Each structure stands twice: as C-alpha cells, then as structure tokens.
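Here are my notes from a first pass through the model. Have it open while you read, and tell me where you'd look next.

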Amino acid sequence: MTKTISGWGNYPQQESQCMTPSTTALLRKAVNLDGSLIARGMGRSYGDSANASKVLQTMCIDHFIEFDNVTGKFTAEAGITLLEILRVVMPKGWFLPVTPGSSYVTLGGAIASDVHGKNHHIAGTFGQHVKSLNLVLGTGEIITTSKNENTDLFHATCGGMGLTGVIISATIQLLPIRSSFINKKTMKAECIEAACEAFDNNSNATYSVAWIDCLSKGKSLGRSVLMLGAHAEQGQLEIDIKQTVSVPFATPSALLNSLTMKAFNTAYWHKSKHNQNQTISLMPFFYPLDAVGKWNKL
Ligand SMILES: Cc1cc2nc3c(=O)[nH]c(=O)nc-3n(C[C@H](O)[C@H](O)[C@H](O)COP(=O)(O)OP(=O)(O)OC[C@H]3O[C@@H](n4cnc5c(N)ncnc54)[C@H](O)[C@@H]3O)c2cc1C
C-alpha cells in the first residue's frame, strides 16, 4: 500500500510503499525479497529515520511471548508498544527499566534508537536492559543476539536505527515497583547555571528532568523547572491512562511565533511552584504529552 509518511516532526513527508506483514514468516519473506527497506514502528522518531521509499511496518508483529512474574523477565514481538507492555506488567508490580517520554513507541523502535529516559544518569539506555533479541538480516536469515551471543551484532543493533536488520522479538529485564505512584518534587531554577547546579545536587534522584525556557534572556537565560521523581513505596498498582483531547488539524505555523511562545513559557514558569512535593500517578509523570492525541499537529 502506498501512503504519505513522515516522522513525528511531520517533516520531511514522502510517498512510501508500506508493507505490513502479519506474521514473522511473512516479514522474513518481505525482507528476503527486498533488503533495501527499513523497519518502521510507531513513527514516533522526530526526524526521518523510519522513512524510505519502502518501509516494513511492524504493527502486526506485536504478540506477547513470555512474562515471568517472579523475575521480571519479559519477551514480546518487536511491534508491541510500551503502553501495551505496561497494561500487562504494571498491575503485577513491574515497570520499564528505561522509558522515553512517550508510551506510543514500539519495543523494536526503543531498541533501535537505544532510547534514554529520566533515569539516564543511573540506569543508562534501554539497550542496557535488553537480555537478547532476534533479528532478521537482509538475507532473510534469523539470528539471535545478546551480550554473549553474536555480541557485535547485538551492540550494533541497540542504537543501530534499523540498519542491521529487522528486530522481530526481544527479551528485556523489567524493574520491580510497589506502587503506580511517583513521589515528585518540583524545583525552580532562575537560570541555566542554577539548573545545572540543581541537577548536580540531586544526582541521586531516581528520575530527573527539566523544562527549560529557551526564550528567556539576560539573568533569566535558561530558567528551568526541574522535576525529580522516585517510585512511591505504597499505593495501588494500576495503570491510569487519560487521553481526553486530540488536536484535530495542523495548526497554522504563524500561531507559533516568539510572542505566543514567550507568553506560554511565562505562564508555565509562574504556574510552577518551587519546592513542591506531590504524589502523582506514574503515567502523567513519564508521559505528559501522551494525554493530548496528535499533538504533533501543533
Ligand atoms: C513525545 C515524545 C517523547 C519522546 N521522548 C524521548 C525520550 O525521552 N528519550 C528518547 O530517547 N527518545 C524519545 N522520543 C523518541 C522515541 O522514543 C524514539 O524515536 C523511538 O525510536 C520511537 O519508536 P517507534 O516505534 O515510533 O520507532 P520509529 O520512529 O518508527 O523508528 C525509529 C527507528 O527505529 C527503527 N526501528 C523501528 N522498529 C524496528 C524494528 N522492529 N527493527 C529494527 N529497527 C526498527 C527504524 O528503522 C528507525 O530507524 C520521544 C518521542 C516522542 C514523540
């Protein structure tokens, strides 16, 4: 099927022949017939890494394979999304060891981009928690790789942006949690130096991230709102997903000018409270933008 595709940044757009095999055997056949295609997960990369004149969409290669509730070892096909994984494992007391800022990302895409999360300073990248993965090479051959088996190919594939082959399944080690809540602390930093200092002073925080006002000038250059987090020890284990609004059409770019952005940033800065402690649900802490559907149209 030919359709117009792009990354999450909506640019560049291109016509592409999109293949969507429904089984691993068909996927293997498609790769064998034409090794010049590239794998495409949810297309959540901002740029053009999953764009080509021929793409192989993994959305139907998305089955659960194995989940050990005692050890947290989890195996699934590569087209499964992080959200689908969380729906199953969170109620059982497990979470992703590393997660990007969107749950609408596939397991294969997370490995191929070797994504990082808010715990990068402690846990490293996603690839560090992959125990093994199965890959279809351009020849159609299926290879198992891990830190002990076909090691070079394993390391080249974690962060390989789909260029070593198509990942068809992977086993990862999950992180145990006691609650689906996060103890969050918000801190305001008056400029970029203060933000860096605050990060240094809180380097033992499990999760840390900052919103940075890139339009502020002078003494306020880079003023930031830091958010630190740690898994709460108590509370329910449930997944709380709310997607209440969706952006219906592409917003005219003239609306996003320095005046409107400065106004937004100023409002966000003043709305945030310094040294505020809250216990909040895990989903809005990790995936705030997932609450607005198709927000890339903004
Ligand atoms: C709101 C938002 C927040 C984000 N936050 C973060 C963040 O905090 N940290 C971070 O690191 N990234 C972040 N990202 C980027 C995103 O996590 C990565 O781009 C991720 O790779 C997207 O996964 P995908 O399934 O959409 O892959 P795609 O965008 O479809 O593909 C990405 C790359 O992976 C390859 N690929 C996909 N599936 C396979 C497969 N089965 N086998 C081999 N190669 C494959 C593609 O060829 C391509 O090179 C964010 C993106 C968004 C939209």
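1. Let's start at the ligand: which residue has a polar backbone atom 2.8 Å from a nitrogen atom of the ligand? That's histidine 116. Keep in mind as you go that this is a predicted model.

2. One oxygen atom sits 2.7 Å from a polar backbone atom of arginine 44. For methionine 42, the distance from a polar backbone atom to an oxygen atom of the ligand is 3.1 Å. The ligand is surrounded by 31 residues, and Ala39, Gly41, Arg44, Thr106 and Ser113 are the closest.

3. Next, helix H1, which covers residues 24-33. Its buried residues are Leu27, Ala30 and Val31. They span an arc of only 95° around the axis, so they end up on the same side of H1. Turn to the face pointing away from that buried side and you'll find Ala25, Lys29 and Leu33, which are exposed.

4. What do the buried residues of H1 pack against? Four strands: E2 (14-19), E4 (54-57), E8 (130-136) and E10 (166-173).

5. Glutamate 77 is the one I'd flag. This residue belongs to strand E6 (residues 73-77), and it is buried but has no salt bridge. Arginine 28 is the nearest side chain of opposite charge, and it is 12 Å away. What the glutamate 77 side chain does have is a polar atom 3.1 Å from the backbone nitrogen of aspartate 62. Beyond its neighbours within four places in sequence, glutamate 77 contacts several residues, among them Thr24, Cys60, His63, Leu107 and Ile168.

6. Isoleucine 65, also on the contact list of glutamate 77, is part of strand E5 (residues 64-68). Setting aside residues up to four places away in sequence, isoleucine 65 touches Thr75, Ala76, Glu77 and Ser169. Leucine 153 is 88 residues from isoleucine 65 in sequence, and their C-alpha atoms are 23 Å apart.

7. Last one: is leucine 215 buried, exposed or partly exposed? It counts as partly exposed because its relative accessibility is 31%. Leucine 215 sits in the loop between strand E13 (207-212) and strand E14 (224-231). Apart from neighbours within four places in sequence, leucine 215 contacts Ser258, Met261, Lys262 and Asn265. Alanine 263 is 48 residues from leucine 215 in sequence, with 10.0 Å from C-alpha to C-alpha.

Terms used. Residues are numbered from 1 along each chain as its sequence is written. This is a predicted model: local features need pLDDT of at least 70, side-chain atom pairs count only at pLDDT 80 or more; totals for chains, interfaces and linings use all residues. Side-chain values use heavy atoms; hydrogens and water are left out. Buried means under 20% relative accessible area, exposed over 50%, partly exposed in between (1.4 Å probe, protein chains only). Helices (H or I, at least four residues) and strands (E, at least two) are DSSP runs, numbered from the N terminus. The arc is that of the directions from the helix axis to the C-beta atoms. Contact means heavy atoms within 4.5 Å. Lys and Arg count as positive and Asp and Glu as negative; His and the chain ends are not counted. A salt bridge is a side-chain nitrogen of Lys or Arg within 4 Å of a carboxyl oxygen of Asp or Glu. A polar contact is a pair of N or O atoms within 3.5 Å; within protein, one must be able to donate a hydrogen and the other to accept it, and residues adjacent in sequence count only if both atoms are side-chain atoms. A residue is near a molecule or strand if one of its heavy atoms lies within 4 Å of it.
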